[in-house]
Amino acid sequence: MSESAATTTEPTTRPSGEREAGGVPIVLDGVTKKYPGTDSAAVDDIHLDIAPGDIVMLVGPSGCGKTTTMRMINRLIEPTSGRILIDGEDVLSLNDVKLRRTIGYVIQQIGLFPHLTIESNVSMVPKLLGWDKARIATRVEEMLSVVGLDPAEFAHRYPRQLSGGQQQRVGVARALCADPPIMLMDEPFGAVDPITRTKLQDEFLNLQQRLHKTIVFVTHDFDEAVKMGDKIAVLDKGSRIAQYASPEEILTSPADDFVSGFVGHGATLKRLQLERLDSLDLHPADVAEQGVEPLPMRSTLHDVLDAMIADGLDAVQVVDDGHIVGTVTLEDLLGRVRELRAEADARTGGAASESRPGATPGTTPDPELEAGQRKDDPT
């Protein structure tokens, strides 16, 4: 929380009183949504406990009720039955408009007002809450800086003058501006190109390390769920929770065939998204080819492997806080893949390896990785 926000006596931005920035628990207790004239419920008796400060990913096939479930938390959709508790308070006992002003909301379409400047868009909720002008100006400047937009350059522009990625950053800044303990995010990075999407994901994870908000995040992309989530709720029709667990547990121990099918092939490679470069022992910096842009220490091993294969590299330097700290090699990553596969084989008695097409017992080949190793082989 900014200093000005911490010392003000302005109206609270949360249903349960002023608090330091950070998340609060959310409980969905037997929540059901059934629309009039329908035979089955869109969301049927869902139970979900979300810990403060966690990012919980809701993932599942189209029509399973992911977005409906999320929108019932801020009562954009009213539940038919059940209870939704935010920090112990039943949201149905609260004024719905005031409730929504205490919850950040980011959507794929961004939803910026085209006739308002970026400054006016970001400051919308604090103005509704009655903050004074000085506090609003300080907070808007802080939030634009936090999401990587220079206030002096962007505050007085209009949405049409920004790229898609910049507009999405403004959407995040607006959702955070009133310092809500909770954020709801409905496929927020789904409308941008893959490179921008990866960058926005990384920036948001870095931001979350500072803010520790409680976040409910809807996505169709299981890889995004693995990368972003502290926990993943895999939903089937009617928002039946097929599995609610950490990404690693879902990848290594899917609850049933439905979850296995949703995880898809390449669970071992997906696990590389859970590990970062600081988990490896780096080589001296001069091992890598000079002139190649280094990768940040916060990069996942999956991102590093993608970059190496795409650029035809056997090694790349690693940078931390602006300084080169070492080098990671392709063999380091392949070695970690082999270790993960060995762990999987130990759990399944070798079935994980032998079930792959073309694999011989006791081996763990991977066509994609082998192709990466052969990238410079003229044969």
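Author: We begin with a definition: a residue is buried when its relative accessible area is under 20%, exposed when it is over 50%, and partly exposed in between (1.4 Å probe, protein chains only). Helices (H or I, at least four residues) and strands (E, at least two) are DSSP runs, numbered from the N terminus. This is a predicted model, in which local features need pLDDT of at least 70 and side-chain atom pairs count only at pLDDT 80 or more, while totals for chains, interfaces and linings use all residues. Residues are numbered from 1 along each chain as its sequence is written, and side-chain values use heavy atoms, with hydrogens and water left out.

Reader: Which residues of E3 are buried on one side, and which on the other?
Author: In a regular strand the side chains alternate between the two faces of the sheet. In E3, Ile 55, Met 57 and Val 59 are buried on one side, and Val 56 and Leu 58 on the other. Five of the five residues of strand E3 (residues 55-59) are buried, so the strand is largely enclosed by the rest of the structure.

Reader: In which sense do E3 and strand E8 pair, parallel or antiparallel?
Author: Two strands pair if DSSP finds at least two bridges between them. E3 and strand E8 (residues 214-219) are parallel, with five bridges, and Leu 58 stands opposite Val 218 in E8. Strand E9 (residues 231-236) also pairs with E3 in the parallel sense, over four bridges; there Val 59 has Val 234 as its bridge partner.

Reader: How many residues has the largest nonpolar core?
Author: In soluble globular proteins, nonpolar side chains tend to be buried together. A nonpolar core is a set of buried Ala, Val, Leu, Ile, Met, Phe, Trp, Tyr and Cys residues joined through side-chain atoms within 4.5 Å. The largest one here has 49 residues, and Phe 204 and Ile 232 have the most contacts inside it. A second, separate core of 26 residues includes Leu 58, Ile 73, Leu 99 and Val 216.

Reader: How many residues of helix H2 are buried?
Author: Six of the eight residues of helix H2 (residues 66-73) are buried, so that the helix is mostly covered. Among them are Met 70, Met 72 and Ile 73.

Reader: Why does Thr 117 count as buried?
Author: Thr 117 counts as buried because its relative accessibility is 14%. This residue is found in the loop between strand E6 (103-107) and helix H4 (118-122).
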